[in-house]
Amino acid sequence: MNVNDTAAIVTGGASGLGAATAAALAAQGAQVFAFDLPTAIENAPEVAGVTYVGVDVTDAEQVAAAVETAAGTGVPLRTVVNCAGIGPSMRILGKKGPHDLALYAKVVQVNLIGTFNVLTLAAEKIAATEPLEHGQRGVVINTASIAAYDGQVGQAAYASSKGGVVGLTLPAARDLAQHGIRVLTIAPGLVETPMLATVSEEFRAGLAAGVPFPARLARPEEYAQLALSMVEHDYLNGEVVRMDGALRMAPR
């Protein structure tokens, strides 16, 4: 599928994986709507072809309004890439007591329910577009994590939420097949994003050394490259692709 002269939505589009993906889609001729929290958009880079929209992905009304905007440009909405997510850590039983239930719920709400919310409301608009060859109308790419498979100490909430995204992939692809919408998921490993920006260079080097090959952190642009390849490859559907340099996470 070609993204030129189409509309695209990227959540978490103000930074990290989302910003790189929004820029890559825009460079290919898409009109990109980057959804993110207003506070994040304040520091977002100006990119030709990218329009920032203040959206909380967990709020159905906000998402519905933002999707309506993206679908009303005069070009068909064809692509959605869900990158919005959070990753706080806490042990189930730690020095300060049991895992905070509100924190667990918030992580699942943003990472899993937010992804489902955008997928569902955007799919409704994509399904209303004119079909392309073989009845194809569009593609939704979600973001999981290798933590879905190799969750570490302190990642119970994060791994649960990302495991849910993995589990969503195939049934969503099957549900939306009749509408010509493909659903795929990327499970990144260690990527140089704002989530890792707060740790020391020494710690980052240690993380990179643990990757079999290439022994470095992934770049957001590599995630964007993979996402665009998935958009273009019309026979990829219902699949989760790990982007991790063959890394398998240790318990801690």
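Predicted model: local features only at pLDDT ≥ 70, side-chain atom pairs only at ≥ 80, totals over all residues.
User: Is Arg 182 buried or exposed?
Analyst: Arg 182 is found in strand β8, residues 181–188. Its contacts include Gln 136, Val 139, Met 230 and Asn 237. Buried means under 20% relative accessible area. Arg 182 has 5% relative accessibility, so the residue counts as buried.

User: How many residues apart in sequence are the parts tied together by Arg 182 and Asp 234?
Analyst: Arg 182 forms a salt bridge with Asp 234, with the closest N and O atoms 3.9 Å apart. Arg 182 lies in strand β8, and Asp 234 in the loop between α8 and β9, so the pair ties together parts whose separation in sequence is 52 residues.

User: Where does Asp 150, the salt-bridge partner of Arg 242, lie?
Analyst: The side chains of Arg 242 and Asp 150 meet at 3.1 Å, N to O. Arg 242 is in strand β9, 92 residues apart from its partner. Asp 150 is in helix α5.

User: Which residues do salt bridges with shared partners join into one network?
Analyst: Asp 244 and Arg 248 meet in a salt bridge at 3.2 Å. Asp 244 counts as buried at 11%, and Arg 248 as exposed at 52%. The network joins Asp 150, Arg 242, Asp 244 and Arg 248.

Definitions and conventions
Residues numbered from 1 in each chain as written. Heavy atoms only, no water. Helix = DSSP H or I, 4+ residues; strand = E, 2+ residues; numbered from the N terminus. Buried < 20%, exposed > 50% of the residue type's maximum accessible area, 1.4 Å probe, protein only. Contact = heavy atoms within 4.5 Å. Salt bridge = Lys/Arg side-chain N within 4 Å of Asp/Glu carboxyl O. Lists of a residue's contacts leave out its neighbours within four places in sequence.
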